[in-house]
Amino acid sequence: MLKKEYSKDLSKLNTFGMKVTARYFSEYDSLADLLDLDFEELARPVKHIGGGSNLLFTGDFPGTLLHSAIRFTEVLSESPDEVLVSVGAGVVFDDFCAWAASKGLWGAENLSLIPGEVGASAVQNIGAYGVEVKDIIRTAYCYDTQEEEMVRFEVSDCAYGYRDSFFKHAEGRYIVTHVVFALQKGYSPQLDYGNIRAAMGLGVDAPVPADLTPGQVRDAIIRIRREKLPEPGKVGSAGSFFKNPVVPRSKYEEVCASVPAEVKVPHYEVGELVKIPAGWLIEQCGWKGKRSGNAGVWDKQALVLVNATGQALPEEIVRLENKIIVSVRERFGIELSPEVEHL
Ligand code: EPU
């Protein structure tokens, strides 16, 4: 079925809870309905959205918003080591993680509770706790709106990087319809990021129990996220608002020299470069837990901007964003860039 609506209220379709509208909104729940859409006819600009969990609408959307309700989870094949599973773009990503854990399959558990849908996960290369979705994607199936045909991209064709992919640079040409994931049957927990071990009651060097299940890791990840991040549905946000900047080593050393000697600057080596958590930089600038009108900085994770009262206007979020960028630039000489897409 193809749903079509004019002047669509988007407040429930963006997790920031911006009260904005789209001129035209269309949702399809089958490939046939997507193929039926006449892309030439649609009011421009045309934008495909997922769960609206990584978007900031900066005002009413003047064109067409598309949304996939293609929802299926189908095991394609099973070998002694892995299971290939095809998942529709409109499936809630965490529902897929829960499904994988319930089957005892490894690979998706560290990505538990990331908001959003499967189609967008493959565009955004979502990631958390040392895993990115590209690590489990085998193939992304897309509709090519230019050639009007289905195309498939193997994971190696997708140019995946940190929150980046080939699809992000194709200006909406490809619409992900379903994704094939490869999940592992063999024991393969990834517990070495940050505080996962602590959340599981395991010491840094303690042996990992041999009977650990993906469901137990999933539960630990969910506990960590619930402690740090605003509860979706209660407080509007779009998760991490900024990307973690990757800077030359000399810049990292400058940052270390600019803080008291006892302060340890969290960082991750990325080849020759160094990634510094934006949340740490923002906290150092005094923003953690601060409010600016109806917009705010989450008090447990400074990387997350929130619609603090539920009444924030897009311009209030943008104003806060700009103030933070200026603070971090003035204090550290580092330019933050948003991870959240502005529409
Ligand atoms: N930190 C602070 N203050 C803060 C926040 C963080 O000092 O207010 C420090 C932490 O103490 C830690 C470091 O920064 O040493 C990293 O923090 P954390 O592990 O919370 O991760 P992050 O780098 O801030 C990234 C992703 C998150 C993902 C987490 C966990 C980005 C932009 N964000 O955040 O993804 O959940 O790692 O893997 O890469 C998202 O993309 O929406 C998202 C939530």
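## Ligand surroundings

The ligand is surrounded by 23 residues, and the closest are Y129, Y162, E283, Q301 and A302; a residue counts if one of its heavy atoms lies within 4 Å of the ligand. This is a predicted model, in which local features need pLDDT of at least 70 and side-chain atom pairs count only at pLDDT 80 or more, while totals for chains, interfaces and linings use all residues. Residues are numbered from 1 along each chain as its sequence is written, and side-chain values use heavy atoms, with hydrogens and water left out.

By class, the shell holds 11 nonpolar, six polar and six charged residues. Here Ala, Val, Leu, Ile, Met, Phe, Trp, Tyr, Cys and Pro count as nonpolar, Asp, Glu, Lys and Arg as charged, and the others, Gly among them, as polar. Helix 7 gives the largest share of the shell, three residues; helices (H or I, at least four residues) and strands (E, at least two) are DSSP runs numbered from the N terminus.

## Polar contacts

Polar contacts are pairs of N or O atoms within 3.5 Å. A polar side-chain atom of N244 is 2.8 Å from an oxygen atom of the ligand. From S240, a backbone N or O atom lies 2.8 Å from a ligand oxygen. The side chain of Y193 has an N or O atom 3.0 Å from an oxygen atom of the ligand.

Three strands form an open antiparallel sheet in the order 14-16-15; strands pair if DSSP finds at least two bridges between them. Strand 14 (246-248) and strand 15 (268-270) are at the edges with a single partner strand each, so one side of each has no neighbour in the sheet. Three bridges join strand 15 to strand 16 (residues 273-275), and V270 has L273 as its bridge partner in strand 16.

Key: A polar contact is a pair of N or O atoms within 3.5 Å; within protein, one must be able to donate a hydrogen and the other to accept it, and residues adjacent in sequence count only if both atoms are side-chain atoms.
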